Amino acid sequence: ILSIFIRSLSQAFGRSVYFSEAGTSSLTWDEKWVVSIVSAVSRADYDSVNFLIKSSVKPVHQEQCKSLVSHF
């Protein structure tokens with residue numbers, strides 16, 4: 001599910017998504033966003049999950065995004 005979620009982010013964001021090569025010491029904004037949403041789900045912090053989705057995902061894709069995240 002996480003793999004599908006990550007592959008669909010460029011469509012959900014409406015732009016290209018950037019991930020660093022393995023071994024890079026810093027995270028891109030997109031990597032930080034993914035880490036934040038996975039962390040929020042692991043804490044059952046659904047207010048943060050909803051905020052992250054609403055602040056970055058195009059409205060037309062928000063429900064699909066929430067559905068994928070609910071399976072993490």
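**A tour of the helix packing**

Start at the pair α3 and α4: α3 passes α4 in a right-handed crossing, meaning that the near helix is turned clockwise from the far one by less than a right angle. Helices here are DSSP runs (H or I, at least four residues), numbered from the N terminus. The model is predicted, with local features needing pLDDT of at least 70 and side-chain atom pairs pLDDT 80 or more, while totals for chains, interfaces and linings use all residues. Residues are numbered from 1 along each chain, and side-chain values use heavy atoms, without hydrogens and water.

Select Val-49, Asn-50, Ile-53 and Lys-54 of α3, then Gln-62, Cys-65, Lys-66 and Val-69 of α4; they make the contact (heavy atoms within 4.5 Å). The axes, lines fitted to C-alpha atoms over the stretch in contact, come within 10 Å and cross at roughly 145 degrees.

Stay on α4, residues 62-69. Gln-62, Cys-65, Leu-68 and Val-69 are buried (under 20% relative accessible area, 1.4 Å probe, protein chains only). They cover an arc of only 125 degrees around the axis, which puts them on the same side of α4; the arc is taken from the directions from the axis to the C-beta atoms. Turn to the opposite face for Glu-63 and Gln-64, which are exposed (over 50%). The buried residues pack against α1 (2-13), α2 (29-42) and α3 (46-56).

Next, select α1 and α2. Their axes come within 12 Å and cross at roughly 125 degrees. This crossing is also right-handed. Colour Leu-2, Phe-5, Ile-6, Leu-9 and Phe-13 in α1; they meet Trp-29, Asp-30, Trp-33, Val-34, Ile-37 and Val-38 in α2.

Definitions and conventions: Helices (H or I, at least four residues) and strands (E, at least two) are DSSP runs, numbered from the N terminus. Axes are lines fitted to C-alpha atoms, for helices over the stretch in contact, and angles run from 0 to 180 degrees between N-to-C directions.
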